[in-house]
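Please go through the sequence and the model shown here.

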Amino acid sequence: MPINRRDLLAGAAALGLQALPAESPASRKLKVIVTGGHPGDPEYGCGGTIARYADQGHDVALLYLNRGEKSCPERAADAAANVRVAEAKRACEILKARPLFAGQCDGHAVVDEARYREFRELIEAERPDVLFTHWPIDGHRDHRAISTLAYDAWLATGKKFAFYYYEVSDGEDTLMFPPTGFVDITATEARKRLACYAHASQSPDRFYALQSQVTRFRGVESGHVQAEAFVRHVLSREGPLP
Ligand SMILES: [Zn+2]
């Protein structure tokens, strides 16, 4: 005979067990990591969500795969990297997050044994509760690289933290993205815009217009003015989303 929910609840009550309430984002301080291929990607894909987490008092780090440098493969800091790092720091200040850099080169992402280990160690040291990364079907190889590095780190550390994918520059970068959850960013969109425009060297007029179309459409889908959409990995624990 199939066991129904009422049987289960009756059984739990008989054992003196109570259903635990879902963990609310405000119930304790979380560590949140938003990974991105380049300075700007976490801000464009998740800026409104990042601002909401930060406003709730959570610790949010934006982990960029590279510094946007032009001098690869030497990996030395160059003028372009100096500009991009300064922009990333400013964007993080606006969102109340902190910047982290994984030390790879713009346009030359490497995924191999050593990089998997390096990235995993970085994530292990941060001990996140929630991690966001690029959706893996993407036109840019740096985005695909950090997506697979993050996924591998999640698997290798026993799927301990919640694991979400985000979308960015749809059509050019992200494709075939099927949202499983939404965050209302109506109240934080203005700060997201400021953070994206902090990346002044990266044509914000063009890219923010596209991203804004996406968040307006995600808002239509989810009943908000503007929303960011996410895909939770099917084996990931639930959120908490802010
Ligand atoms: Zn990018």
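Predicted model: local features only at pLDDT ≥ 70, side-chain atom pairs only at ≥ 80, totals over all residues.

Residues are numbered from 1 along each chain as its sequence is written, and side-chain values use heavy atoms, with hydrogens and water left out.

Q: In what order do the strands of the open sheet lie?
A: Strands (E, at least two residues) and helices (H or I, at least four residues) are DSSP runs numbered from the N terminus, and two strands pair if DSSP finds at least two bridges between them. The sheet has seven strands with mixed pairing. The order is β3-β2-β1-β4-β5-β7-β6.

Q: Is the pairing of β6 and β7 parallel or antiparallel?
A: Strands of a sheet pair through backbone hydrogen bonds, in one sense or the other. Phenylalanine 182 has alanine 229 of β7 as its bridge partner. Four bridges join β6 to β7 (residues 227-232), and their sense is antiparallel.

Q: Why does β4 count as largely enclosed by the rest of the structure?
A: On one side, β4 pairs with β1 in the parallel sense over three bridges, isoleucine 33 being the bridge partner of leucine 131. β4 also pairs in the parallel sense with β5 (residues 162-166), over five bridges, and threonine 133 stands opposite tyrosine 165 there. Buried means under 20% relative accessible area, exposed over 50%, and partly exposed in between (1.4 Å probe, protein chains only). The strand counts as largely enclosed because its buried residues number five of five.

Q: Which residues coordinate the zinc ion?
A: Donors are N, O and S atoms within 2.8 Å of the metal (3.2 Å for Na, K and Ca); water is not among the atoms, so sites may look incomplete. Along the chain the donors follow the spacing H-x2-D-x101-H. Histidine 38, in the loop between β1 (31-36) and α2 (41-55), and histidine 143, in helix α5 (residues 141-156), are 105 residues apart. At 2.0 to 2.7 Å, the coordinating atoms belong to His38 (ND1), Asp41 (OD), Asp41 (OD) and His143 (NE2).

Q: What is the geometry of the zinc ion site?
A: Four donors count as tetrahedral if all angles lie between 85 and 135 degrees; four count as square planar and six as octahedral if opposite donors are over 155 degrees apart and all others between 65 and 115; anything else is irregular. The angles among the four donor atoms run from 52 to 141 degrees, and the site is irregular.

Q: How many disulfides does the search of the whole structure find?
A: A disulfide is a pair of cysteine sulfur atoms within 2.5 Å. Cysteine 92 is buried at 1% relative accessibility, and cysteine 196 is buried at 0%. The number of disulfides found is zero.

Q: Is arginine 127 buried or exposed?
A: Arginine 127 sits in the loop between α4 (113-126) and β4 (130-134). Its phi is positive, about 50 degrees, although it is not a glycine. Most residues other than glycine have a negative phi. With a relative accessible area of 66%, arginine 127 is exposed.

Q: What is the phi of serine 203?
A: Serine 203 belongs to the loop between α6 (189-197) and α7 (204-222). At 41% relative accessibility, serine 203 is partly exposed. Its phi is positive in a residue other than glycine, near 45 degrees.
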